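Hello,

Here is the structure I promised to pass on. Please open it and keep it in view while you read the notes below.

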Amino acid sequence: MKKSFTTFIFLLASLWALTPNHTQAQVTAKLISEQSSIQPGQPFRLGLLLEMEEGWHTYHQNPGDAGFPPSVTWDLPEGYTVTPLSFPEPIEFLTADIQSFGYKNEVLHITTITPPRDQTVGDSVVIKGVANWLACEEVCIPQSADLEITLKVSDKPLQLSGESTLFKKYEVTKHAASKKTSAKDSNPITPLSAILFAFIGGLILNLMPCVFPVLSLKIFGFVSQSGHDPWKTRVHGLVFATGVLISFWVLAGALLTFRSAGAELGWGFQLQSPLFIALLGLLFFGLALNMAGVFEIGTSFIGLAGKSQNLGGHADSFLSGVLATLVATPCTAPFMGASLGFALTQPAYVSMLIFTSLGIGMATPYVILSFFPKLLSFLPKPGPWMESFKQGMSFLLFATVIWLIWVLNQQIGADGVLRFMVGLLGFAIAAWVYGRWTTPLRSKSVRGFAWVLSLILVALSLTTAWPSQEDSKWQDYTPSLVTSLRENNEPVFIDFTAAWCVTCQVNKKVALRTEEVEARFDELKVQRIKADWTNKNPEITKALESYNRSGVPLYVLYAPGRDKPILLPEILTPQIVLDALDQLEPSS
C-alpha cells in the first residue's frame with residue numbers, strides 16, 4: 001500500500017512537470033489549442049492563456065501611459081507561419097491621472113498558425129515559444145516563460161479540444177483600446193476598405209488643428225501665384241504632393257522597420273523624441289517670426305529654401321509638403337484610426353499602400369487647387385491685404401509652437417521647458433537683430449556685425465534649448481557609482497523605476513519630484529540615483545535581488561556610516577520620504 005502511494009505521488013509529480021505551463025507566483029502562462037489535432041495545410045488557433053492572482057494585472061497592446069503588452073517569440077517547425085497575437089477589449093486602470101489599459105483575472109491572446117501542406121499525417125508537432133509579459137500590482141515585475149504544446153497531425157475530421165470554449169469567449173471582443181470608431185467596428189476591415197479609409201482620413205487631416213497652420217500657408221502661396229503662369233502653379237501643387245508622399249514613405253518605412261525589429265512604436269513615433277520636438281519648435285518659431293515681419297529671408301512666403309530662384313521656388317513647395325507631414329503625424333482624423341491600426345498588422349507592401357493612400361488624401365485638395373485656381377476666386381485678388389494676411393497667419397504658427405511646448409513638457413518636465421523657452425527668447429533676439437541691421441540700407445560693416453551677432457545668438461539659443469531627458473540632479477545607476485559614493489560617506493537615495501510602471505510614475509509625480517522633497521534632498525546633499533529598469537538591465541536585476549525584490553518600484557536610502565539601508569514602501573507620499581530623510585540627521 002505504501003509503495004503504491006509513493007508511486008502515485010511520483011506519477012503526479014511527473015505529470016505536473018510535463019504540463020506545458022509556467023507559473024511565476026503572480027501570473028500563470030500556458031499555451032492552449034482550440035483543436036485536439038491538426039491537419040496538413042489547415043490553419044488552427046493557439047492561445048496564450050494568462051491567469052493572474054487577485055490584484056495583479058497584465059497589459060493591452062495599447063497599454064496607455066505605462067506598461068507593455070505580452071508577446072511571444074515563436075520557435076516553429078519548418079514551413080509553419082504564425083499571425084500576431086490578438087488583444088481582447090481591455091479594462092481601464094486609473095491611478096492618480098495616469099491611465100493604462102489591461103486585464104485582470106484571466107485573458108487569452110489568440111494566434112493562428114498554418115502548417116505546411118506536406119506535413120506528414122501521424123506526426124507529433126511541438127510548438128514552442130518564449131512568452132514575455134509585465135505583471136503589476138503595487139510593484140511591476142517583467143516575467144517570461146518557455147512554453148510548448150504538442151499536437152497530433154491527423155487526416156480525420158477536426159474535433160474541438162476541451163479548452164475551445166475559451167476561444168469563443170475571447171473572439172467577439174474589440175481588438176484595440178484606442179479604436180473607438182463607428183459601427184464598422186463589428187465588421188472585419190479589408191485591405192481595400194483600409195486604403196479607402198486612409199484616403200478619406202488624409203482629406204480630413206487637413207482640417208485638424210496641428211496641420212492647418214502649415215497648409216494655410218500653402219493656400220497663401222497659391223493666392224500669391226494667381227495670375228501667373230497656370231502651368232507653374234500646377235507644378236508647385238505636384239511638387240507639394242511629392243513632398244507629402246515622400247515624407248509619408250520615409251516615416252512609414254522607418255516605423256515598419258523598427259516594429260519588425262521588435263520596437264513598440266506607433267504612428268507619430270518621431271514626436272516621442274524631445275530633440276525632434278525641440279527642433280520642430282524652433283523651426284516653427286522662426287517661421288512665425290518671419291511671417292510676422294521680424295525678419296525676411298528671401299521672397300518666398302515660407303523662406304525655408306532661402307533665395308531659390310534657380311529651383312523656381314519648387315524647394316519651398318516640397319519643404320511645405322514635408323513640414324505638413326511632420327506636424328500631421330500626431331493627429332488622428334476620423335477613419336484614420338482603423339486603417340492605420342490595420343496597416344501595422346499587414347505585410348509591408350499592404351502597409352505602404354495604406355500609408356500612400358493617406359498621403360494622397362492629404363495632398364489631393366492642394367493638387368486640385370493648383371490645377372483649378374478658379375476655386376480660389378472667393379478670395380480677394382493679390383494686393384496689400386496679403387501682408388496683413390501673412391502676419392495674421394503667424395499667430396497660427398505661434399499656437400503650434402505652444403502645442404509643441406506642451407508636448408515637450410510631458411517629456412522633459414518644467415525645468416527642461418524653461419531652458420527651451422529661454423532658447424526661444426534668444427532665437428527671437430537673433431531674428432530681430434538680423435531683420436533690423438542686415439538690410440541694404442545699413443553699411444557693410446553694420447551688416448557684417450549683425451550677421452555675426454545673429455549667428456552667435458542662434459548658437460547660444462540652440463545650446464540652451466537643447467532638451468535634457470532627466471534632471472542632472474539624478475544620476476544613472478551603476479554599482480560602482482553607489483560603491484564610490486558610500487565609500488565617501490555621502491547619503492545616497494536610489495530610485496528603482498521603469499517607464500512602464502504606473503506606481504513608479506505616480507510616486508515620482510506626487511512625492512519624489514515635489515518642491516518640498518527636492519528641497520530636502522538639496523539641503524541634506526543627498527546623491528540621487530535613478531536605476532531605470534525600462535529595458536532589461538542585468539545589473540539592476542541583480543541589485544533588486546540583493547534587496548530580496550523582484551520588481552519595481554523600490555526606494556533605497558543609505559545614510560553615511562551605516563551599512564544597513566533604509567527601504568521605503570512601494571507607495572510613497574511626500575511625508576514618507578521626508579521622514580526617511582530625517583533619519584540622515586544625527587539624533588540630538
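Helices here are DSSP runs of H or I with at least four residues, strands are runs of E with at least two, and both are numbered from the N terminus. One caution before the details: this is a predicted model.

Pro-553 sits in the loop between α15 (538-546) and β16. Most peptide bonds are trans, and most residues other than glycine have a negative phi.

Two asparagines have a positive phi. For Asn-105, phi is near 70 degrees. Asn-105 lies in the loop that joins β9 (98-104) to β10 (106-114). Its relative accessible area is 43%, so Asn-105 is partly exposed. For Asn-489, phi is near 60 degrees. This residue is in the loop between α12 (479-487) and β14 (492-497). Asn-489 also counts as partly exposed, because its relative accessibility is 47%.

Next, a histidine. His-57 belongs to strand β5 (residues 57-64). Is His-57 buried or exposed? It counts as buried, because its relative accessibility is 11% and the cut-off for buried is under 20%. The His-57 side chain makes a polar contact with the side chain of Tyr-59, at 3.3 Å. Leaving aside residues up to four places away in sequence, His-57 touches Met-52, Phe-93, Tyr-103, Lys-104, Leu-134, Ala-135 and Cys-136.

Now the helix pair. Two packed helices are described by the angle between their axes and the distance between the axes. Helix α3 (residues 191-205) packs against helix α9 (residues 348-371) at about 30 degrees, and the axes are 7 Å apart. That angle makes α3 roughly parallel to α9, because angles under 35 degrees count as such. The crossing of α3 past α9 is right-handed. On the α3 side, the residues in contact include Ala-194, Ile-195, Ala-198 and Phe-199. On the α9 side, they include Leu-353, Ile-354, Ser-357 and Leu-358.

Last, helix α16 (residues 574-582). Which residues of α16 are buried? They are Val-577, Leu-578, Ala-580 and Leu-581. Seen down the helix axis, the buried residues of α16 fall within an arc of 160 degrees, so they line one face.

Best wishes

How values were computed
Residues numbered from 1 in each chain as written. Predicted model: local features only at pLDDT ≥ 70, side-chain atom pairs only at ≥ 80, totals over all residues. Heavy atoms only, no water. Buried < 20%, exposed > 50% of the residue type's maximum accessible area, 1.4 Å probe, protein only. Arc of directions from axis to C-beta. Polar contact = N/O pair within 3.5 Å; in protein donor to acceptor, adjacent residues only side chain to side chain. Contact = heavy atoms within 4.5 Å. Axes fitted to C-alpha atoms, helices over the stretch in contact; angles between N-to-C directions. Parallel < 35°, antiparallel > 145°, perpendicular 65-115°, else oblique. Left-handed = near helix turned anticlockwise from the far one by under 90°.
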